[in-house]
Amino acid sequence: MSMNKKQFFYHQIIKRNIYSITGPFRVLPDFLVIGVKRCGTTSLFHNLPKHPAILNSHHDGIGFFNDNYQLGVNWYRSFFPTIFSRNKIIRKYGNCKTFDVTTRYIEDKTTVKRIKELIPDVKIIVMLRNPVDRAYSQFNVSVKENVKGPIGVNQSTAIPIELLILLESSIVEL
């Protein structure tokens with residue numbers, strides 16, 4: 001996918017301001033955290049940087065390798081610390097790691113190919129959760145936010161439907 005000049009200007013200059021312009025002076029992540037929703041990736045995103053030699057991206061869920069790939073590598077780099085910040089931390093602590101947390105990287109084979117092309121030596125942490133616990137957690141969030149389920153199904157029936165599917169496939173026995 002390619003961007004026209006208007007889209008480029010909007011995403012590179014307006015939305016990312018000076019950060020996109022400084023993209024060439026910014027680092028790519030040393031590791032990625034991927035997984036499924038409601039499995040603790042956001043908690044990891046907020047807790048890992050408590051270590052002085054670990055820097056996170058500007059925010060989690062960037063989605064560069066799947067949803068925003070057409071915006072280019074400098075756009076992606078704009079979410080990470082500068083090379084100068086990284087070198088300062090390396091001088092102080094002897095090492096520095098940066099990371100990106102995007103759960104949806106686990107969903108598509110094209111994403112894996114793109115990651116391998118751009119950052120071939122990247123480490124990947126995969127976070128998973130018991131599917132029933134994850135579904136129950138998502139159910140509670142949906143009830144709290146008053147969200148309707150797929151095909152107009154009320155969320156109060158979403159858990160029983162998921163359990164029926166699991167039971168039919170003999171994954172779960174009661």
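Me: Which residue stands opposite Ile34 in β4?

Reply: Two strands pair if DSSP finds at least two bridges between them. Strands (E, at least two residues) and helices (H or I, at least four residues) are DSSP runs, numbered from the N terminus. Here Ile34 stands opposite Val126 in β4. The strands β1 and β4 run parallel and are joined by 5 bridges.

Me: How should I regard the model itself and its numbering?

Reply: This is a predicted model, in which local features need pLDDT of at least 70 and side-chain atom pairs count only at pLDDT 80 or more, while totals for chains, interfaces and linings use all residues. Residues are numbered from 1 along each chain as its sequence is written, and side-chain values use heavy atoms, with hydrogens and water left out.

Me: In what order do the 4 strands of the open sheet lie?

Reply: The order is β2-β3-β1-β4, and the pairing is parallel. Because β2 and β4 (123-127) stand at the edges with a single partner strand each, one side of each is left without a neighbour in the sheet. From one strand to the next, the twist averages 25°; such angles run from 0 to 180 degrees between N-to-C directions, with axes fitted as lines to C-alpha atoms.

Me: With which residue of β3 is Asn56 partnered?

Reply: The bridge partner of Asn56 is Phe99. Strand β2 (residues 54-56) pairs with β3 in the parallel sense over 3 bridges. Strand β1 (residues 31-35) also pairs with β3 in the parallel sense, over 3 bridges, and Val33 stands opposite Val101 there.

Me: How many of the 5 residues of strand β3 are buried?

Reply: A residue is buried under 20% relative accessible area, exposed over 50%, and partly exposed in between (1.4 Å probe, protein chains only). In strand β3 (residues 97-101), 4 of the 5 residues are buried, and the strand is mostly covered.

Me: How many disulfides does the structure hold?

Reply: A disulfide is a covalent bond between the sulfur atoms of two cysteines. The criterion used is a pair of cysteine sulfur atoms within 2.5 Å. The structure holds 0 disulfides. As for individual cysteines, Cys39 is buried, with a relative accessible area of 11%, and Cys96 counts as buried at 1%.

Me: How many salt bridges does the count give?

Reply: A salt bridge is a side-chain nitrogen of Lys or Arg within 4 Å of a carboxyl oxygen of Asp or Glu. The count comes to 3 salt bridges. One of them joins the side chains of Arg86 and Asp30, at 2.9 Å from N to O. This pair links distant parts of the chain, 56 residues apart: Arg86 is in helix α5 (residues 83-93), and Asp30 is in the loop between α2 (17-21) and β1. Arg86 is buried, at 16% relative accessible area.

Me: Which residues are linked with Arg104 in a network of salt bridges?

Reply: Asp67 and Glu107 are linked with Arg104 in this network. In the salt bridge of Arg104 with Asp67, the closest N and O atoms are 2.3 Å apart. Arg104 lies in the loop between β3 and α6 and Asp67 in the loop between β2 and α4 (73-77), so the pair ties together parts that are 37 residues apart in sequence. For the salt bridge of Arg104 with Glu107, the corresponding separation is 3.2 Å. Arg104 is partly exposed at 33%, Asp67 is partly exposed at 40%, and Glu107 is exposed at 54%.

Me: Which residues form a nonpolar patch on the surface?

Reply: Patches are made of residues with over 30% relative accessible area and no salt bridge; like charges are joined within 9 Å, and nonpolar side chains (Val, Leu, Ile, Met, Phe, Trp, Tyr) within 5 Å. Accessible areas come from the Shrake-Rupley method with a 1.4 Å probe, and for residues, only the protein chains shown count as cover. Ile106, Ile124, Val126 and Leu128 form the patch, with about 350 Å² of accessible area together. Ile106 lies in the loop between β3 and α6 (109-118) and is partly exposed at 36%. Ile106 and Gly35 are 71 residues apart in sequence and 6.0 Å apart in space, C-alpha to C-alpha.
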